[in-house]
Amino acid sequence: MIEALNRDDSSNRLRRIVIVGGGSAGWMAAAALSQVTRIPIVLIESDAIGTVGVGEATIPQIRTFNRALGIDERNFVRETNGSFKLGIRFVGWNGDGSDYIHAFGQVGRGTGVIPFHHLWLRAQAAGLAGPFGDYALNDVAARAGKMAMPGGGMPAQGTNMPWAYHFDASLYAAFLRRLSEQRGVQRIEGKIVDVAVDRERQSIGSITLEDGQSIEGDFFVDCSGFRALLISQLDGSDMQDWSHWLPCDSAQAVPCQSDRPLSPFTTSTAHKAGWQWHIPLQSRVGNGVVYCRAFMSDEEARDQLLANIDGPPDAEPRQIRFTTGTRRKHWVGNCLAVGLSAGFLEPLESTSIHLIQYSVARLMAMLPRRDVDPAIVDAFNHEISQQWARIRDFLILHYWANGRVGEEFWDACRTMDLPASLTEKIDQFRAAGHFTRQDEELFTQVGWSQVFLGQGIVPNSWHPLADEMSEIELRDLLSSIKSQHGRMTSAMPTHGEFVDAFIHH
Ligand code: FAD
């Protein structure tokens, strides 16, 4: 039973934070907040409702989150059925037979003034260069099925490849739950049936559970998933629908067994009206088909999914519906939406868990007192909306710059109107390979250039400083990068061997 809040407390400090929902978002918020504050935290979740049950691929930033929580990496990989991820392989996006990797980390070596891709463009025009990915260590290692890290307990420890993880999201939530409960977070199992909203102040007062229990709080973190139980009741939190840019609205997910070697990357394979993911974990593969119902029926999607998995499915495919978009305001009054309650960008670049991490980190940086200052809320909402919009642009690029001519869905994607912010980026890159990073956006020039080039957007020219290098110097540079990557990769263990040694170390 949760006590009423202390009315005599005049400190203006938050007396209780209430987190609604125990999916990845809820437990990430609980673990992070309980690490930095002694403010009592209560988390409510309903086993009967359950979680969305997907979300297995991440980007390297999650390592910062885990490190900040003091999580031991071996323990984490062991307990979440985890594996390592060096990038995402995109198959068929630029037409049948096309295949590129958006690899984490650097591609090639720039001159210090201009990024490598300018040198590569010039070399390619002169017939001196191989595919762009040949110059990214993560790409070369991923294709060879290799993995290594400094201190990883296997050969080739000196390599410096950024990595992320594939894991079982429900095991990650359970892992964070244990951590949070050890740090004093109180978990309540129960279904919320009512939310008391102060309409005038636009804030939440309390929530009521099915068993009649009422829980008060000073600050509420809405992690209730697509239901958005709390935030959807507050003014200004209406959804901005982005489905005219990101038109997929359905997914079906199913795990399966696999005899294939454990690959250190996510695969995204385009199909007639969307794409399919392949995410290898230690003891199974996560698969899912993402599609647009206007162009593909649920039955067709199911057939597409089951025909393209490594082995017998472990369960019946799970159907998920969504609308891509985000809330105009994620934070209103004393309520912040985190995770699916805040919106959904489809999982093409594995950004959802990162956006949870980002919101939680910004909340900690801007943690309010009881009289929440609107200036802080406005600043938070502005920052978050920029983050979401820039990631949105990056995702749209994959759809718009497709090479699947003659397929209705993809033809429609190629002719859609783009947000001005994306058109600007495409124009700059097309003109001379330029890139301007906006608003602290997540993806850097390296990520964008891999996707631009991978999807067939080749600049008309390159930076004039790339002409300063002689042809011989250029040839030597490219071949030295290639041979260095080849040497490093051949000394690395396979990803399967690496994971085995890592978790048993
Ligand atoms: P949920 O997991 O839905 O949790 C909601 C919680 O709220 C549950 O605990 C539920 O019990 C509780 N709740 C709801 N209503 C009530 C109530 N009335 N009373 C009490 N409790 C309640 N992200 C990635 O980063 N990488 C990926 O590869 C990836 N793949 C995805 C694929 C698909 C098809 C989809 C749809 C999403 C994917 N995501 C991915 C996103 C990721 O799944 C979510 O961001 C993440 O799981 C967070 O979900 P959540 O915690 O916000 O919501």
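Start by selecting Arg-404: its side chain reaches the backbone oxygen of Gly-92 at 2.8 Å. That is a polar contact, meaning a pair of N or O atoms within 3.5 Å; within protein, one must be able to donate a hydrogen and the other to accept it, and residues adjacent in sequence count only if both atoms are side-chain atoms. Before going on, know that this is a predicted model, where local features need pLDDT of at least 70 and side-chain atom pairs count only at pLDDT 80 or more, while totals for chains, interfaces and linings use all residues. Residues are numbered from 1 along each chain as its sequence is written, and side-chain values use heavy atoms, with hydrogens and water left out.

Stay with Arg-404, which sits in the loop between α9 and α10 (408-414). Helices here are DSSP runs of H or I with at least four residues, strands are runs of E with at least two, and both are numbered from the N terminus. Is Arg-404 buried or exposed? Arg-404 is buried, at a relative accessible area of 8%. Buried means under 20% relative accessible area, exposed over 50%, and partly exposed in between (1.4 Å probe, protein chains only). Leaving out residues up to four places away in sequence, Arg-404 touches several others, including Trp-93, Asp-96, His-271 and Trp-410; a contact means heavy atoms within 4.5 Å.

Next, pick Ser-268 in strand β14 (residues 266-271). Its relative accessible area is 0%, so Ser-268 is buried.

Move on to Val-185, in the loop between α6 (169-182) and β7 (186-189). Val-185 is buried too, with a relative accessible area of 5%. Its contacts beyond four places in sequence are Trp-27, Ala-30, Ser-34, Ile-41, Leu-43 and Ser-180.

Time for the ligand. How many residues surround the ligand? There are 34, and the closest are Gly-22, Val-54, Ala-57, Ile-192 and Ile-353; a residue belongs here if one of its heavy atoms lies within 4 Å. By type, this shell divides into 16 nonpolar, 14 polar and 4 charged residues. Nonpolar covers Ala, Val, Leu, Ile, Met, Phe, Trp, Tyr, Cys and Pro, charged covers Asp, Glu, Lys and Arg, and the others, Gly among them, count as polar. Zoom in on the ligand's oxygen atoms: a backbone N or O atom of Ala-25 lies 3.0 Å from one, and a backbone N or O atom of Val-54 lies 2.8 Å from one. On its own the ligand has 1,000 Å² of accessible area, and the protein covers 97% of that (Shrake-Rupley method, 1.4 Å probe). Colour α1 (24-36) and α8 (352-365), the elements giving two or more residues to the shell.

Now trace strands β8 (residues 192-198) and β9 (residues 203-209), which run antiparallel and are joined by 6 bridges; strands pair if DSSP finds at least two bridges. Asp-194 stands opposite Thr-208 in β9. The two strands form a hairpin with 4 residues between them, and Gln-202 in the turn has a positive phi of about 50 degrees.

Last stop: helix α12 (residues 445-454), with 9 of its 10 residues buried. Trp-448 and Phe-452 are among the buried ones. Show β5 (99-103), α4 (116-125), α9 (374-400) and α11 (420-432) to see some of what covers them.
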